[in-house]
Amino acid sequence: MRLLYVTQYLARNDEPGANRQWDLLQALAGRGHRADVIISGQHYLGGARSAGAPGREAWAGGTFFRLRGLPGYRKSFARRAANYLYFAAQALLLALRLRGYDVVLASTPSPFVGLVGWVAARRNR
């Protein structure tokens, strides 16, 4: 199965804040599934840019597509909202180019990620 997973923030098991998302991806890869992940290139705790961001990074179960984030997004509600919209716009443009997925999964915290997932799912029917 090919999965497209859209989530703004994802912490790996060796990073602070690792959670169910990483566990799910590891379990799917362990069963032979491919999961491509659209994520922000910023770590959610401090906003530091992740290694290799923006860009692509191969991992054992697929590819991470790391997108640009806006600096200083934790300073105010307006900057945080702008960062959510910025991520959603970039993720939508990328998702429209990606094809061949059996399942599209979108996960919070961004309130706009669900819309990106819905469009990507319709595109991959």
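This is a predicted model: local features need pLDDT of at least 70, side-chain atom pairs count only at pLDDT 80 or more; totals for chains, interfaces and linings use all residues.
Rings of Phe, Tyr and Trp, the last taken by its six-membered ring, count as a pair if their centres lie within 6.5 Å, and planes under 30 degrees apart make the pair stacked. Searching the whole structure turns up 3 aromatic pairs. Take Trp22 and Phe64 to begin with: their ring centres are 6.1 Å apart and the planes meet at 25°, so this pair is stacked. The two partners come from distant parts of the chain, 42 residues apart, with Trp22 in helix H1 (residues 20-30) and Phe64 in strand E4 (residues 62-67).

Phe64 has another stacked partner in Trp59, with 5.5 Å from centre to centre and 20° between the planes. Put together, Trp22, Trp59 and Phe64 make up one aromatic cluster. How much of this cluster is buried? Phe64 has a relative accessibility of 0% and counts as buried. Trp22 is buried too, at 6% relative accessible area, and Trp59 is likewise buried, at 12%; the cut-off for buried is under 20%.

As for the nonpolar packing, the largest core holds 15 residues, and the members that touch the most others are Leu4, Val6, Ile38, Phe87, Ala91 and Leu98. At least two residues of this core come from each of strand E1 (2-7), E4, helix H2 (77-97) and helix H3 (113-123). H2 gives the most, with 5 residues. Phe87 is a handy place to look at the contacts in detail: leaving aside residues up to four places away in sequence, Phe87 touches Val6, Thr7, Gln8, Ile38, Ile39, Ser40, Leu67 and Val113. Apart from this core lies another, of 11 residues, and Leu3, Val37, Trp59 and Phe64 are among them.

Key. Residues are numbered from 1 along each chain as its sequence is written. Side-chain values use heavy atoms; hydrogens and water are left out. Rings of Phe, Tyr and Trp (its six-membered ring) pair if their centres lie within 6.5 Å; planes under 30 degrees apart count as stacked, over 60 as edge-to-face and the rest as tilted. Helices (H or I, at least four residues) and strands (E, at least two) are DSSP runs, numbered from the N terminus. Buried means under 20% relative accessible area, exposed over 50%, partly exposed in between (1.4 Å probe, protein chains only). A nonpolar core is a set of buried Ala, Val, Leu, Ile, Met, Phe, Trp, Tyr and Cys residues joined through side-chain atoms within 4.5 Å. Contact means heavy atoms within 4.5 Å.
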